[in-house]
Amino acid sequence: MPEANEAIEGEVIESTELALQQQVLPDTLYLLPLTERPFFPAQTLPLLMNMGPWLETVEKIGDTDHKMVGLVLVRPNSADDVTPQDFYATGTAVHMHHPVRTEGKIQFIAEGQRRFRIVKWLSRKAPYLAQVEYISDSRGANSDEVKAYAMAIINSIKELLPLNPLYSEELKFFLNRFSPNEPSLLTDFAASLTTASKEKLQDVLEALNLRRRMEKVLVLIKKELDVARLQSQIREQVDEKMTKQQREFFLREQLKTIQKELGLAKDDKTAEIERFQERLGKLKLTEAAQKRVDEEMQKLSLLETGSPEYAVTRNYLDWLTQLPWGKYSKDKLDLKRARKILDRDHDGLEDVKERIIEFLAVGALKGEIAGSIVLLVGPPGVGKTSIGHSIADALGRKFYRFSLGGMRDEAEIKGHRRTYIGAMPGKFIQAIKECDTQNPVIMLDEVDKIGASYHGDPASSLLEVLDPEQNSDFLDHYLDVRFDLSKVLFVCTANQLDTIPGPLLDRMEVIRLSGYITAEKVAIAKHHLWPKQLEKTGLKRGELSISDAALKHVIDGYAREAGVRNLEKQLGRLVRKTVVKRMSGESEAALARIGLDQVEDYLGKPLFTREKPLSGIGVVTGLAWTAMGGATLSIEATRVHTRNRGFKMTGQLGDVMKESAEIAYSYVSSHLKEFKGDLKFFDEAFVHLHLPEGATPKDGPSAGVTMATALLSLARNQKIARPLAMTGELTLTGEVLAIGGVREKVIAARRIKIMELIMPESNRRDFDELPEHIKAGVKVHFARQFKDVARIVFSD
């Protein structure tokens with residue numbers, strides 16, 4: 001709505017006064033709504049309305065003598081369902097010319113006449129009829145100030161004309177109807193040129209004071225001028241870039257033609273063929289590969305460069321000629337050097353290093369290492385991938401690593417067929433190309449996490465690659481020629497063997513990496529992890545150190561897992577916390593060493609407290625193996641009541657462990673007399689067997705001996721008098737069978753200070769092969785039958 005002072009300054013024209021075209025402007029008008037922008041008196045434009053809601057209105061306008069209609073802006077974005085409250089109070093009276101119906105629309109030419117204000121609604125439903133009063137804005141039109149504003153508007157329009165040719169057409173149409181010396185119409189015309197919002201344009205229409213209206217329009221047209229200049233600048237930049245590119249293209253084409261005529265250059269096809277031939281001269285292709293190359297070169301020479309087949313053939317030859325046919329790197333089979341590299345890169349893992357040295361020694365005796373597939377199995381963070389790097393470094397070979405985790409498409413292994421768009425060779429051929437030698441070390445990470453889908457089974461595709469008898473003639477689907485992979489040393493890594501297919505596992509030499517004990521972790525932290533963290537933060541070795549006691553506290557309290565990955569994270573936190581304090585202005589001398597007291601200040605309370613084995617009647621400590629390393633497992637048995645016989649198991653046990661518990665219950669129940677237990681105990685008791693930490697799934701056969709011991713302790717009403725842990729599988733006849741993960745289980749027992757263990761006799765050899773620093777101080781009893789276990793546990 002216009003302001004009050006504007007309403008006072010505007011003049012209301014009586015309906016008896018002559019209007020434009022010598023017509024008397026009617027005091028009542030039918031109204032039509034506009035949604036996008038208001039209509040100004042200086043405009044003449046075609047308008048399009050929906051026939052449905054507004055046909056009757058147009059027909060009634062056609063029945064009038066004056067053929068006038070009021071065009072008023074409405075607030076909603078749709079005009080089909082508006083009410084009187086949606087109309088603005090000020091609009092423009094226009095003369096309707098040539099109304100036409102077409103495809104559900106009504107089209108007519110609107111010729112602007114005069115502003116009006118709605119005084120009274122005579123019809124509040126379509127067709128809308130209202131009493132109006134007309135507004136004059138001629139007062140002060142000849143003042144010097146208005147003339148100055150008019151000149152400013154004209155100058156702005158002049159600046160707009162070169163930037164957008166559409167403005168010049170609209171200006172010509174305006175000048176055909178009006179004189180540029182009419183400031184009110186000039187102002188309205190200038191407003192109609194802008195792309196301002198409908199609210200701002202309605203504000204201009206409602207501005208009855210001419211000077212104020214001119215101020216508003218001048219601001220809008222200045223903004224329009226800025227936008228037009230920016231558009232013009234962008235267009236010029238694009239045109240300049242396109243012109244430059246076109247000019248360079250024509251010049252290059254002319255240069256090619258001149259060079260070709262003078263014999264100084266060849267066309268693209270000839271250049272490509274010569275480049276391929278130059279590469280082939282340095283390679284030793286097999287007979288089949290050479291035959292295929294010759295055929296493809298012949299095909300390439302006949303194809304047009306613009307054909308799709310040309311690009312496919314060119315890419316195929318590009319791959320074939322970039323592979324290192326007949327190129328091998330010389331192995332460095334110096335065992336002392338290899339041992340030095342392994343010791344430099346890894347602390348601990350002595351048994352693993354010995355296996356690798358043995359492996360290299362056999363290669364040194366033969367003069368080459370070929371047809372070898374090594375599988376490194378161990379928990380996360382024990383150094384499997386870094387050992388692969390060290391093997392490549394010790395041999396002096398190129399190293400390439402890729403992960404098989406989650407791979408579901410066999411084309412990743414054996415490549416895509418050339419019929420597919422974007423086809424390319426598989427990972428092995430890509431590795432050979434990148435290493436530029438036929439005998440690199442290729443590491444296949446996470447081989448136990450390979451997947452399968454409708455695309456195929458990548459694990460089955462690996463069978464050909466990892467078979468020394470087959471990979472000398474490896475056939476990639478993309479190359480479609482045999483390539484020799486028999487000289488490649490494959491190093492695979494896995495966290496567990498269970499998910500690796502049997503035929504694939506059968507082709508590998510398994511080397512197990514167990515977890516580290518505290519002493520090994522301390523050495524690794526000192527020699528590798530701590531210097532690495534200092535380098536990451538830009539500190540020198542002498543600027544920050546950590547005490548042995550602090551290191552041990554970090555290992556025991558915050559990083560107790562089998563590997564050292566979490567230990568590295570915790571050491572990184574310590575270094576970063578120290579750097580923050582140093583950058584905050586604290587004394588560098590006070591922050592030069594991290595002691596035991598600072599660890600909890602920086603890292604918070606320890607995540608792990610010292611485990612205290614549970615003890616009591618029916619409570620026994622067992623040893624378990626997990627993918628994260630060894631762990632201790634307390635097993636509890638108790639009598640719930642004596643009303644009836646029964647046996648209950650809890651602790652989220654797997655099927656195998658449940659069977660072990662049933663066997664233990666049956667065996668102990670049937671041999672109570674032999675083990676000096678209460679003969680009526682299990683006949684009357686309802687027994688509950690529980691493995692704590694029920695949220696953790698548990699499975700495996702090695703807890704049978706431990707469960708039987710817990711049940712026997714309950715039946716004898718006698719607890720185990722000393723710290724003792726055990727592991728072993730039990731049969732119904734009382735035999736104690738072998739288990740796996742001996743090293744991990746011994747390390748787990750040492751971690752909680754249990755130094756007396758019971759193991760199956762069949763695992764004596766596994767224990768004897770452990771490094772001395774792991775066996776030191778550990779007393780192990782080896783049992784063939786459960787009666788041996790009972791004698792050791794309940795000996796007086």
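Predicted model: local features only at pLDDT ≥ 70, side-chain atom pairs only at ≥ 80, totals over all residues.
## H11 and H13

Two packed helices are described by the angle between their axes and the distance between the axes. Helix H11 covers residues 335-345 and helix H13 covers residues 384-395; their axes cross at roughly 150 degrees and come within 9 Å. Because angles over 145 degrees count as roughly antiparallel, H11 is roughly antiparallel to H13. The crossing of this pair is right-handed.

From H11, the residues Arg-337, Ala-338, Ile-341, Leu-342, Arg-344 and Asp-345 meet Ser-390, Asp-393 and Ala-394 of H13. By class, the residues of this contact comprise 4 nonpolar, 1 polar and 4 charged.

## H11 and H12

The axes of H11 and H12 come within 10 Å, with a crossing angle of roughly 150 degrees. These two helices are therefore roughly antiparallel to each other, and H11 passes H12 in a right-handed crossing.

On the H11 side, the contact involves Leu-335, Ala-338, Arg-339, Leu-342 and Asp-343, which meet H12 residues including Glu-350, Lys-353, Ile-357 and Leu-360. This contact has 7 nonpolar and 5 charged residues, and no polar ones.

Just after the helix, Gly-396 takes a positive phi of about 75 degrees.

Buried residues in H13 include Ile-387, Gly-388, Ser-390, Ile-391 and Ala-394. Among the elements that cover the buried residues of H13 are helices H11 and H12, together with strands E8, E9, E10 and E13.

Key
Residues numbered from 1 in each chain as written. Heavy atoms only, no water. Axes fitted to C-alpha atoms, helices over the stretch in contact; angles between N-to-C directions. Helix = DSSP H or I, 4+ residues; strand = E, 2+ residues; numbered from the N terminus. Parallel < 35°, antiparallel > 145°, perpendicular 65-115°, else oblique. Left-handed = near helix turned anticlockwise from the far one by under 90°. Contact = heavy atoms within 4.5 Å. Nonpolar A, V, L, I, M, F, W, Y, C, P; charged D, E, K, R; others polar. Buried < 20%, exposed > 50% of the residue type's maximum accessible area, 1.4 Å probe, protein only.
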